[in-house]
Amino acid sequence: MRIRAALPALAGAVALTGTFLLSTPAQAAGGVTIHHVWFDSPGSDNRSNASLNGEWVQIKNTGSTSVSLKGWILKDVSNHRYTFPSVSIGAGRTMKVHTGSGTDTTADKFQHRRAYVWNNTSDTATLTKAGGSKVDSCSWTTRDPSDKYC
């Protein structure tokens with residue numbers, strides 16, 4: 001019933017504009033994306049906590065409402081996984097997930113690893129929802145110097 005009622009309105013929109021673009025609800029409302037990856041931490045790779053935390057993935061909520069990330073997974077090609085605790089990312093906000101240890105804040109989360117996750121030569125960061133559906137991914141190769149905007 002609702003579909004039939006919407007069809008005349010859609011036809012009118014096509015007639016008025018000459019074009020009509022359909023988008024998914026996520027596209028229309030924005031969403032969570034992988035925004036920036038710093039895969040080659042500055043300085044020598046000595047596995048110090050500072051060096052490990054120089055490697056991070058920044059996600060961004062491009063939407064207009066807060067999104068719960070509880071149970072979402074950030075992983076690399078080798079299946080090193082970080083599972084988000086019960087946290088949310090605010091509308092228009094960013095959040096970095098660092099490889100090393102630290103105290104979680106709204107803007108920074110820490111995987112508490114003692115080894116690097118992201119390969120400098122090539123890798124892919126993939127973000128999935130708790131149920132396994134892919135949200136976004138970002139890949140890089142040696143053409144990218146040490147970081148990549150996605």
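**Reading the rings**

Tutor: From the N terminus on, the elements run α-α-β-α-β-β-β-β-β-β-β-β-β-β, with helices (H or I, at least four residues) and strands (E, at least two) taken as DSSP runs numbered from the N terminus. This is a predicted model, where local features need pLDDT of at least 70, side-chain atom pairs count only at pLDDT 80 or more, and totals for chains, interfaces and linings use all residues. Residues are numbered from 1 along each chain as its sequence is written, and side-chain values use heavy atoms, leaving out hydrogens and water.

Student: How many aromatic pairs does the structure hold?

Tutor: A pair of aromatic rings is described by the distance of the centres and the angle of the planes. Rings of Phe, Tyr and Trp (its six-membered ring) pair if their centres lie within 6.5 Å; planes under 30 degrees apart count as stacked, over 60 as edge-to-face and the rest as tilted. The structure holds four such pairs. Phe39 and Trp140 are stacked, because their centres are 4.9 Å apart and their planes at 5 degrees. Phe39 lies in the loop between β1 (32-38) and α3 (49-53), and Trp140, 101 residues apart from it, in strand β10 (residues 134-140).

Student: Are Phe39 and Trp140 buried or exposed?

Tutor: Buried means under 20% relative accessible area, exposed over 50%, partly exposed in between (1.4 Å probe, protein chains only). Both Phe39 and Trp140 are buried. Together with Trp118, they form one aromatic cluster.

Student: Which kind of pair do Tyr82 and Phe84 form?

Tutor: Theirs is edge-to-face, at 5.0 Å centre to centre with 75 degrees between the planes. Tyr82 counts as buried at 8% relative accessibility, and Phe84 is buried at 2%.
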